[in-house]
Amino acid sequence: MRIQDLIEEYIKSNQSGIFELKKDEIINDIIKENKVPNSYGIYIIYSIKNLSKNIIYIGKSGTMRNDGTFRNQGIAERLTKKQDGILR
């Protein structure tokens with residue numbers, strides 16, 4: 001089984017969402033418009049070109065401590081934070 005098949009199986013069995021970000025769009029605006037939750041989990045970024053979907057990045061938000069609590073930011077905050085001093 002391919003990694004992409006495993007990921008899609010996981011998505012079907014857990015809370016998930018999807019949004020599209022096009023060239024020249026601002027991710028902060030898209031996150032707000034699509035009501036992306038600020039909860040913990042994984043996110044997958046795909047490139048779609050010529051009807052072909054390829055995984056280009058897999059990330060996570062939040063870090064689980066030994067006691068089961070989380071620290072750091074959720075997905076919405078993670079995707080909209082500054083990187084190298086530049087807002088996304």
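**View A. Strand S1 and the lining of the largest pocket.** Strand S1 (41-49) contributes eight residues to the lining of the largest pocket, the most of any element. The model is predicted: local features are reported only at pLDDT of at least 70, and side-chain atom pairs count only at pLDDT 80 or more, whereas totals for chains, interfaces and linings use all residues. Residues are numbered from 1 along each chain as its sequence is written, and side-chain values use heavy atoms, with hydrogens and water left out. Helix H1 (3-13) and helix H3 (75-80), like S1, each supply at least two residues of the lining. Helices (H or I, at least four residues) and strands (E, at least two) are DSSP runs, numbered from the N terminus.

**View B. The centre and the composition of the largest pocket.** The volume of the largest pocket is about 1,200 Å³. Of the 30 residues that line the pocket, Gly17, Ile18, Phe19, Tyr43 and Ile44 lie nearest its centre. The lining divides into 17 nonpolar, eight polar and five charged residues. Here Ala, Val, Leu, Ile, Met, Phe, Trp, Tyr, Cys and Pro count as nonpolar, Asp, Glu, Lys and Arg as charged, and the others, Gly among them, as polar. Rolling a probe the size of a water molecule over the atoms shows where empty space is left. On a 1 Å grid over the protein atoms alone, a pocket is an open set of points with protein on both sides within 12 Å along at least five of seven lines, unlike a cavity, where a 1.4 Å probe fits but cannot get out; lining residues have an atom within 4 Å of a point. Grid points are joined across faces, edges and corners, and a volume is the space filled by probe spheres set on the points.

**View C. Two salt bridges.** Side chains of opposite charge can pair when their charged atoms come close. A salt bridge is a side-chain nitrogen of Lys or Arg within 4 Å of a carboxyl oxygen of Asp or Glu, and by this rule the count is two. In one, Lys81 pairs with Glu77, and the closest N and O atoms are 3.1 Å apart. In the other, the side chains of Glu20 and Lys22 meet at 3.8 Å, N to O. A residue is buried under 20% relative accessible area, exposed over 50%, and partly exposed in between (1.4 Å probe, protein chains only). Lys81, at 37%, is therefore partly exposed, and Glu77, at 30%, is also partly exposed. Glu20 counts as exposed because its relative accessibility is 54%.

**View D. A nonpolar surface patch.** Patches consist of residues with over 30% relative accessible area and no salt bridge, like charges being joined within 9 Å and nonpolar side chains (Val, Leu, Ile, Met, Phe, Trp, Tyr) within 5 Å. Accessible areas come from the Shrake-Rupley method with a 1.4 Å probe, and for residues only the protein chains shown count as cover. Phe70 belongs to strand S4 (residues 70-71) and is partly exposed, with a relative accessible area of 34%.

**View E. Positive phi values at Lys35 and Asn50.** Lys35 is not a glycine, yet its phi is positive, at about 50°. Lys35 stands in the loop between helix H2 (27-33) and S1 and is exposed, at 71% relative accessibility. Asn50, also a residue other than glycine, has a positive phi near 55°. Its place is the loop between S1 and strand S2 (52-61), and with a relative accessible area of 72%, Asn50 is exposed.

**View F. Two C-alpha separations, Tyr57 to Tyr46 and Glu33 to Phe19.** Tyr57, in strand S2, is partly exposed at 41% relative accessible area. Its C-alpha atom is separated by 7.0 Å from that of Tyr46, 11 residues apart along the chain. Glu33 is found in helix H2 and counts as exposed at 60% relative accessibility.
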